[in-house]
Structure formats: structure tokens, C-alpha cells
Amino acid sequence: MGGARRIAAAMVTVATASALVSCAQDDGRYVLHYTTYSSPTSDQSLTVQRWAKEVEDLTDGGVQVRFHYSQSLVGADESVQATLDGRADLAQVGSLYAASDLAMYTVIELPFETKNPEVQMTAIERLYAENDTYRDDFDRQGVHLLFPLPLGIAVVGLKEPAAVPADLAGRSIRSGGLTSEALLTVGANPVAMTATDVYESMERGVVDGYTSLAIANLPTFGLARNTPYLIDPGIGSYGSSIVVINSELLAGMPEEYQDALAQASENAIPNGLEEMDALGERACTELRETGTQLSSMPADSVGTWKQQAGIAEQWVERYTERGYDAEGVLADYRRIVGEESARSAYADPFIECLKGQGR
């Protein structure tokens with residue numbers, strides 16, 4: 001894995017260096033501008049903060065990162081293009097916003113593929129190293145993958161219980177991405193809504209519940225204290241975000257700085273899981289204090305739901321029509337998930353909280 005993740009000195013170049021926001025000072029130092037849609041205290045931002053500190057230490061202050069949180073620099077749907085045109089140097093790119101720029105990256109959004117965030121994050125890195133079709137999207141956009149950011153498995157928060165997927169029929173549930181497609185197949189009504197609006201919408205009865213969130217996200221939005229029922233619907237990993245850097249900028253850095261970025265990136269997955277676990281533990285504590293009932297839908301009903309939804313097959317068909325070897329990308333993703341699942345003992349924070357519910 002270490003060799004696969006090292007950043008090559010020769011990079012595909014698509015932008016002009018003069019357009020970049022970053023400043024290579026007269027003394028050779030760099031200030032990199034990072035755009036993110038996350039808040040400063042999210043597990044994803046904390047992960048990047050640790051990465052930036054390590055990079056600064058490894059380069060003796062030669063590379064520093066300036067953070068622009070909560071879409072204060074550019075919108076989430078502009079992250080890739082902003083990194084290309086020089087409005088930013090580094091960006092958090094969310095899979096929910098990446099379909100037009102990094103189509104093959106969205107394979108990791110497919111529901112029912114894995115319930116292990118560590119496996120999903122490692123698969124993102126390995127696809128970038130091992131699958132040309134997957135990698136080509138990044139090269140065409142002039143961005144280089146540095147590392148994935150943590151995101152737990154999808155939970156469904158509800159006012160009333162639901163034992164099986166069919167129990168979601170007729171309910172309005174905040175959702176997004178491919179998870180919305182899955183909900184439609186069981187008769188639920190997906191509602192597009194920002195996470196910041198979910199709390200009030202639950203209180204006012206605008207929605208009956210929410211998903212496209214993980215347990216570690218709940219404290220940020222106040223949802224750990226107003227959710228009577230929290231359920232693992234079996235969807236598993238439902239989205240992702242990654243940190244990318246402008247390829248030409250990276251290639252123009254001194255080799256020792258490139259090596260420093262690569263070395264710090266090696267630690268991003270374990271650091272990210274630590275940050276996600278910490279917020280997951282906080283959420284679990286709050287959920288127990290408020291008496292929230294935790295449960296998981298049975299595997300047989302989830303398996304039936306997966307077959308009924310056919311979302312992976314639709315994904316392959318959609319992108320094959322656009323000229324991608326989508327079937328090959330999905331096959332490699334599933335191969336890597338299988339290999340990494342055999343190696344990983346990691347359990348999502350929701351699973352850990354559910355295990356301790358009766359203690």
C-alpha cells in the first residue's frame with residue numbers, strides 16, 4: 001500500500017501555475033488553500049487538520065495549509081473545478097457532488113456493498129492505484145487524490161419504529177444520492193434537504209425521519225437528542241469524500257515536499273477513523289441518555305431489498321452508455337472490498353453502540 005500511495009513526481013498537468021491561489025514565497029515556502037463544506041469541528045475537518053500539522057512539521061514549515069470551512073470559499077459542487085482553475089489548491093470533494101467531474105468515484109456510493117468504513121476508504125485508494133478507468137477521471141480533471149475522509153454507515157432516524165424495509169413505505173425521509181433511489185423501491189418518499197434543516201423539520205413534522213447521515217454526524221446537527229428510533233437499514237457505506245490537490249501544483253513542488261504530503265497521507269485513514277470514533281462515542285452517549293432505541297434490519301430482508309432495488313446494475317448501465325468501463329470498475333471495487341474485509345476488524349461506531357445497548 002505504501003508504494004501505491006506515494007505521489008509520483010511526474011504528474012498530468014492541465015492548469016497554468018500562474019492561476020493557482022497557492023503562494024510559493026521567495027523563500028520557497030507554500031501556503032495551500034483548502035476548501036471544504038465541513039465545519040471546523042467535524043471528524044473530516046479534524047482529520048485534515050492533523051494531516052496539515054504533520055505536513056507542516058515534516059517540511060519545517062515549508063508547506064502550510066489555510067482552511068476555508070463551510071463553503072466559505074466555494075460551494076461543495078464546485079470543489080473539483082475550483083481546484084483546477086486556481087480558486088483553491090486542495091479541496092474536499094464529496095461523492096454526492098462528484099458525478100459530473102469524477103463519475104467513476106461514485107461507485108463507492110453504491111448501497112449494500114460494505115458496512116465497514118475502513119474497507120471503503122482503503123478501496124478508494126486502491127481503485128485509484130489499480131484501475132485505469134477510475135484513475136483517468138482524476139487525471140482528466142487535473143487533480144490528484146491525496147486521501148479519503150471518514151464517513152460511517154447510513155443510519156435511519158425515525159419518529160416511529162421500522163423493523164424491515166417495507167415498514168418505511170409512505171414515510172417522508174430526508175435522503176440524498178443513491179440512498180434515495182433505494183428508498184423509492186420500498187415505497188418511501190425521499191426528501192432533499194440539507195442536514196442543518198433536519199432537526200427543525202423533524203420537530204415540525206415536515207419529515208418522518210432522515211438518512212444519508214452516520215451516527216458520528218448526529219451531535220453536529222442536534223439529532224442525537226431528538227431521534228426516538230435509530231436503525232441500521234443495511235445500506236452500509238452510502239457516500240464518501242476525499243481530499244484532492246491540483247496536479248500541476250503538486251508536480252512543481254520540491255521532491256521532499258511531495259514526499260512529505262505522501263507520508264502524511266499514509267496516516268489519514270487511521271487518523272480519520274479515530275476522529276470518527278470519538279464523535280460516534282459522543283453520539284452514542286447522547287442517544288443512551290435520551291433513551292433512543294437502536295436496532296438493525298434483518299439480513300434476509302435487506303438482501304431482498306438489494307435485489308429489488310438493482311441500483312448497482314443501473315449504475316453500470318448508466319455509465320457504460322457514457323463510454324466508461326463501469327462494469328470493470330464495479331468488479332474491481334467488489335474484489336477489493338472482499339480482500340480488505342478479510343483483513344479489517346474495524347466496526348462502525350453505530351455497530352459498537354448497538355452492541356453496548358443492553359449493558
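Q: How many salt bridges does the rule find across the interface of domain 1 and domain 2?
A: A salt bridge here is a side-chain nitrogen of Lys or Arg within 4 Å of a carboxyl oxygen of Asp or Glu. By that rule, the interface of domain 1 and domain 2 has one. This is a predicted model, where local features need pLDDT of at least 70 and side-chain atom pairs count only at pLDDT 80 or more, while totals for chains, interfaces and linings use all residues. Residues are numbered from 1 along each chain as its sequence is written, and side-chain values use heavy atoms, leaving out hydrogens and water.

Q: Which residues make up domain 1 and domain 2?
A: Domain bounds come from an automatic or database domain assignment. Domain 1 covers 30-148 + 240-267, and domain 2 covers 155-238 + 279-323 + 347-356. Their C-alpha centres sit 26 Å apart.

Q: What area is buried between domain 1 and domain 2?
A: Buried area is the accessible area (1.4 Å probe) that two parts lose on being put together, summed over both. Here that comes to about 1800 Å², with carbon and sulfur atoms giving 65%. On the domain 1 side, Leu110, Phe112 and Lys115 supply 38% of the area buried against domain 2, more than any other three residues.

Q: Is Tyr134 buried or exposed?
A: Buried means under 20% relative accessible area, exposed over 50%, and partly exposed in between (1.4 Å probe, protein chains only). Tyr134 counts as buried because its relative accessibility is 0%.
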